[in-house]
Amino acid sequence: MGEKVKRISVTIPENLFKEFEEATHAIGYKKRSKAISDAIQKFVADYRILNQIKTGSCAGTITYLYKHDIKGLTDTLTEIQHKYMDIISATLHVHLDEENCLETLSVKGNVNKAKSLIQKLKTLKTENVQYILIPQP
Ligand code: NI
Ligand code: NI
């Protein structure tokens with residue numbers, strides 16, 4: 001390949017590592033580094049897609065899972081939703097089971113605000129933050 005490589009060391013939750021190992025074996029990766037490299041590539045691609053919509057208005061949805069018993073998480077989510085109330089038109093909350101909640105936010109308005117909301121949600125202990133943003137004329 002001749003590509004320059006960089007050696008990194010990371011600290012991640014043990015459970016996440018276990019799931020990662022299971023997934024890489026199931027998919028058939030021979031090298032852990034290759035699997036991690038692919039995962040990082042996906043992360044970067046996701047970031048790029050979000051930054052492709054530069055300015056203007058958008059409409060769409062943001063969906064994520066979270067465990068409501070994680071200390072302070074529900075409060076933080078409520079605070080964020082109030083802070084971004086000018087672009088959140090509705091919140092749908094579904095109690096999936098004893099511990100898991102699914103929330104879908106309907107967003108409409110400035111695309112940079114929507115992007116900043118998504119990025120904020122991704123940094124919390126939420127899981128699987130997914131979104132669809134459609135540019136508006
Ligand atoms: Ni409220
Ligand atoms: Ni709930």
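I looked up contact range first: in this predicted model, residues 24 or more positions apart account for 67% of the protein's contacts with a separation of 6 or more. I count two residues as in contact if their C-beta atoms, placed from the backbone, lie within 7 Å.

Ground rules next. Residues are numbered from 1 along each chain as its sequence is written, and chains are lettered from A and ligands numbered from 1 in the order in which they are written. In this predicted model, local features need pLDDT of at least 70 and side-chain atom pairs count only at pLDDT 80 or more, while totals for chains, interfaces and linings use all residues.

Burial: I find 12% of the 137 residues buried (20 or more other C-beta atoms within 10 Å of the residue's own, with C-beta atoms placed from the backbone).

Extent: the C-alpha atoms fill a box of roughly 50 × 40 × 25 Å along the principal axes.

Elements: I get 4 helices and 4 strands. Helices (H or I, at least four residues) and strands (E, at least two) are DSSP runs, numbered from the N terminus. Their pattern along the sequence is α-α-β-α-β-β-α-β.

Sheet: the 4 strands form an open sheet, order β2-β3-β1-β4, with antiparallel pairing. Pairing takes at least two DSSP bridges between two strands. β2 (88–95) and β4 (127–136) are the edges; each has a single partner strand, so one side of each lacks a neighbour in the sheet. Neighbouring strands are turned by 10° against each other on average, direction ignored, with axes as lines fitted to C-alpha atoms.

Last, I checked β1 (residues 57–67) against β4: 8 bridges join these antiparallel strands. Ala59 has Ile134 of β4 as its bridge partner.

Note on methods
Axes fitted to C-alpha atoms, helices over the stretch in contact; angles between N-to-C directions.
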